[in-house]
Amino acid sequence: MKILNLYACLGGNRYKWGDDHDITAVERDEELARLYQERFPNDKVIVADAHQYLLDHYKEFDFIWSSPPCPTHSRIRFSQKNRKSVIPKYPSMILYEEIIFLNNFFNGKYVVENVIPYYEPLIPAKKRGRHLYWTNFNLPNVLSTRKVKISGINDEIKRMSKFHDFDFNLYKGKQRKDKISRNLVDYEAGKTILDTVMGIRTKQIENQTELF
């Protein structure tokens with residue numbers, strides 16, 4: 001398949017996808033994009049605005065995965081609303097723009113992934129673990145059984161590096177390493193979702209073959 005991986009970060013979702021697909025990854029952070037390219041040298045990595053790239057190129061792909069930035073939706077931000085250091089922000093509507101757009105204009109299969117928000121989602125989603133998924137196909141009830149326990153910031157980087165099979169200390173950019181590690185999707189969940197899409201495509205091809 002031709003796959004578009006938006007807001008790719010370090011490719012947590014992509015880690016177990018293998019190299020049988022034509023994958024394009026879009027990431028705005030140049031340092032994250034560099035590390036992604038080192039992890040997945042066969043992928044095409046583009047440093048750009050993922051939201052605009054989707055609009056310009058969605059017709060070129062069979063499967064699209066999008067993980068728009070989640071901080072303005074998170075329950076953590078809401079829990080800190082009374083702190084003087086926290087600047088009030090509107091929830092970013094990029095999330096819902098992409099869901100509505102893909103659901104109405106895209107002919108392939110898509111996944112939009114985000115955190116569970118502090119409000120009732122404006123569009124119903126499928127809850128799996130700590131994440132919400134908007135898709136145009138059915139998801140398995142269990143995407144992954146892997147879990148990680150954290151106790152403190154230093155322990156977090158160490159444990160998340162092991163969990164994601166990536167040394168986050170390699171990142172030399174401006175973002176917090178713990179934030180990046182939390183943003184990555186569990187690679188087993190990513191694999192389960194891609195396997196589900198591949199199963200659907202195989203059945204579609206078989207059904208088309210039977211017609212002839």
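**Notes on the predicted model**

1. Let's start in helix H5 (residues 153-164), which is where glutamate 156 sits. Keep in mind throughout that this is a predicted model. Glutamate 156 has a relative accessible area of 7%, so it counts as buried, the cut-off being under 20%. What does the side chain of glutamate 156 join in a polar contact? The partner is the side chain of arginine 182, at 2.7 Å. Beyond residues up to four places away in sequence, glutamate 156 touches Ile150, Asp178, Ser181 and Arg182.

2. Seven strands make up an open sheet, in the order S3-S2-S1-S4-S5-S7-S6, with mixed pairing. Strand S3 (44-46) and strand S6 (126-128) are the edge strands, each pairing on one side only. On average, neighbouring strands here are turned by 20 degrees against each other, direction ignored. Helix H1 (residues 30-39) packs on this sheet and touches S1, strand S2 (22-26) and S3. The direction of H1 makes about 180 degrees with that of S3.

3. On to the pairings. S4 and S5 are parallel, with four bridges between them; tryptophan 65 has valine 111 in S5 as its bridge partner. S5 and S7, by contrast, pair in the antiparallel sense over five bridges, and valine 115 stands opposite histidine 131 of S7. S6 and S7 also run antiparallel, joined by three bridges. Here arginine 128 stands opposite histidine 131 in S7, so histidine 131 turns up in the pairing on both counts.

4. The S6-S7 hairpin has two residues between its strands, and glycine 129 takes a positive phi near 65 degrees there. Two residues other than glycine also have positive phi, and I'd look at both. Tyrosine 7 has a phi of about 55 degrees and cysteine 9 is near 55 degrees. Are they buried or exposed? Buried: tyrosine 7 has 17% relative accessibility, and cysteine 9 has 10%.

5. How many of its five residues are buried? Five of the five are, so S7 is largely enclosed by the rest of the structure. In a regular strand, side chains alternate between the two faces of the sheet. In S7, His131, Tyr133 and Thr135 are on one side, with Leu132 and Trp134 on the other, and all are buried, so both faces are covered.

6. Helix H4 (residues 94-105) passes a simple geometry check. At 1.5 Å a residue its twelve residues should span 16 Å, and the end C-alpha atoms are 16 Å apart, which agrees. H4 lies across S4, S5 and S7, running at about 165 degrees to S5. The buried residues of H4 are Leu95, Tyr96, Glu98, Ile99, Phe101 and Leu102. They pack against helix H2 (50-57), strand S4 (63-66), strand S5 (109-115) and strand S7 (131-135). Note that a glutamate, Glu98, is in that buried set.

7. H2 is next. Its buried residues are Ala50, Tyr53 and Leu54. Why do they count as lying on the same side of H2? They cover an arc of only 105 degrees around the axis, which puts them there. The cover over these residues includes S1, S2, S3, S4 and H4. At the N-terminal end, aspartate 49 caps H2, with a side-chain oxygen 3.0 Å from the backbone nitrogen of histidine 51.

8. Last, isoleucine 3 in strand S1 (residues 2-6). Its relative accessible area is 0%, so isoleucine 3 is buried. Leaving aside neighbours within four places in sequence, its contacts are Trp17, His21, Asp22, Ile23, Thr24, Phe61, Phe63 and Leu194. The C-alpha atoms of isoleucine 3 and isoleucine 200 are separated by 15 Å, although the two are 197 residues apart along the chain.

Conventions: Residues are numbered from 1 along each chain as its sequence is written. This is a predicted model: local features need pLDDT of at least 70, side-chain atom pairs count only at pLDDT 80 or more; totals for chains, interfaces and linings use all residues. Side-chain values use heavy atoms; hydrogens and water are left out. Buried means under 20% relative accessible area, exposed over 50%, partly exposed in between (1.4 Å probe, protein chains only). Contact means heavy atoms within 4.5 Å. The expected span of a helix is 1.5 Å times one less than its number of residues. Axes are lines fitted to C-alpha atoms, for helices over the stretch in contact, and angles run from 0 to 180 degrees between N-to-C directions. The arc is that of the directions from the helix axis to the C-beta atoms. A polar contact is a pair of N or O atoms within 3.5 Å; within protein, one must be able to donate a hydrogen and the other to accept it, and residues adjacent in sequence count only if both atoms are side-chain atoms.
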